[in-house]
Amino acid sequence: MLQCKSKRRMRGALTVTLLVIAAALFAAKLLIRAPEASEPDAASGRQTVTVFSPDAWAAQETEVLPAQRTRRPLCYNILLCGRDGAGGGSDTMLLMRFDAGARRIDLTSLPRDTLLHHEWYSNKLNYAFASGGVELLRTEVENLLGVPVDYYISVDLAGFAALVDSIGGVDFEVPADMDYDDPAQDLHIHYAAGYQHLGGQQALEVVRWRKNNDGSGYPGADLGRIATQQAFLRAAAEQALRPGNAPALARVLLAYVKTDLTAGNLVWLANAALDVGTAGVAFHTLPGDGAGCWRRESVYVLDPEATLALVNEALNPYTLPIEAEETDILVP
């Protein structure tokens, strides 16, 4: 009799355990889901929302837009920017098209001095971020390039260092001898060119460097720094996309990153990124002239034709191309 009661208790405990596991899996299925994507509303020109299926690569609900323009399946534009706590601006801004349906990720660097079509004190893209934060930056990027920005991910300097440390650092080819000091920011960058292992703080210093104390530096100034940042991001992605790094990386993301994506969205995107792999990641830079001038201010002037071609190659989330009149590129 006692043995029968013991077996019944064991079966009851097992049943409860299985129910708890089933409930957890059901909750995870509800929470870990693809993000929503914005689509233009024909009447107002603003953004409406279409909800995609939470199942990766599955069929989704879509709406027909004017001129039969529809979104690519599971395709999102996400604005990435680094926050400079000291200056209030951002030296690193990228627009990422995360095309999970096509298993492709395109990261396009947005030079901080990109000229905007405005009557501001400063018409630079970085001034938009310094003046109105990520929301104004988001609006200006949409107006400039004619594509929607569905979400943003913003990280400060400490967060960047923590993210690199969370994946065990990154092996990287430092492109030049770096010898720079800025006592005002307590910033001191001293590295010899060559292949080396960089921890979080070291990586932060390397990707921020632009010139030395004697004025020497990248031949292309900020474009040189962008090239180094892209090379580092590629090396870091190869390290980060190893499955064993996911738990530590997720903890740091939740602690340091500001975003309008949910935790479930981030997990879904991380799983999709693992499926894409580094072979499906491409880097670009908005094409233009870094020696431009507007109102006696040094600016980065975009090449309208080349920019439109890049927008449709790497940033357009729609099935039909973006037209020139949908962009707002100022050429002095």
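Which residues are linked with Arg104 in a network of salt bridges? Arg97 and Asp106 are the residues joined to Arg104 in that network. The structure is a predicted model, and its secondary structure comes to eight helices and 14 strands.

**The chain as a whole**

- The chain has 332 residues, of which 44% are buried.
- Of the contacts between residues at least 6 apart in sequence, 62% join residues at least 24 apart.

- Arg103 is partly exposed, at a relative accessible area of 37%.
- Asp275 is partly exposed, with a relative accessible area of 37%.

**Salt bridges: Arg138 and its two partners**

- Arg138 forms a salt bridge with Glu135, in which the closest N and O atoms are 3.4 Å apart.
- Both Arg138 and Glu135 belong to helix α2 (residues 125-145), where they are three residues apart, about one turn of the helix.
- Arg138 counts as buried because its relative accessibility is 12%, under the 20% limit.
- Glu135 has a relative accessibility of 43% and counts as partly exposed.
- Asp260 also forms a salt bridge with Arg138, and here the closest N and O atoms are 3.1 Å apart.
- This second pair links distant parts of the chain: Asp260 lies in the loop between β11 (258-259) and α7, Arg138 lies in helix α2, and the two are 122 residues apart.
- Asp260 is partly exposed, its relative accessible area being 30%.

**Packing of helices α4 and α5**

- Two packed helices are described by the angle between their axes and by the distance between those axes.
- For helix α4 (residues 200-208) and helix α5 (residues 222-240), the angle is about 145° and the axes are 8 Å apart.
- On the α4 side, Ala203, Val206, Val207 and Arg208 take part in the contact.
- These residues meet Arg225, Thr228, Gln229 and Phe232 in α5.
- By class, four nonpolar, two polar and two charged residues make up the contact of α4 with α5.

**Surroundings of Pro332**

- Pro332 is found in the segment after α8 (304-315).
- Leaving aside residues up to four places away in sequence, Pro332 touches Leu115, Cys293, Trp294 and Val301.
- Pro332 and Trp294, one of these contacts, are 38 residues apart in sequence, and their C-alpha atoms are 6.6 Å apart in space.

Key
Residues numbered from 1 in each chain as written. Predicted model: local features only at pLDDT ≥ 70, side-chain atom pairs only at ≥ 80, totals over all residues. Heavy atoms only, no water. Helix = DSSP H or I, 4+ residues; strand = E, 2+ residues; numbered from the N terminus. Contact = heavy atoms within 4.5 Å. Buried < 20%, exposed > 50% of the residue type's maximum accessible area, 1.4 Å probe, protein only. Salt bridge = Lys/Arg side-chain N within 4 Å of Asp/Glu carboxyl O. Axes fitted to C-alpha atoms, helices over the stretch in contact; angles between N-to-C directions. Nonpolar A, V, L, I, M, F, W, Y, C, P; charged D, E, K, R; others polar.
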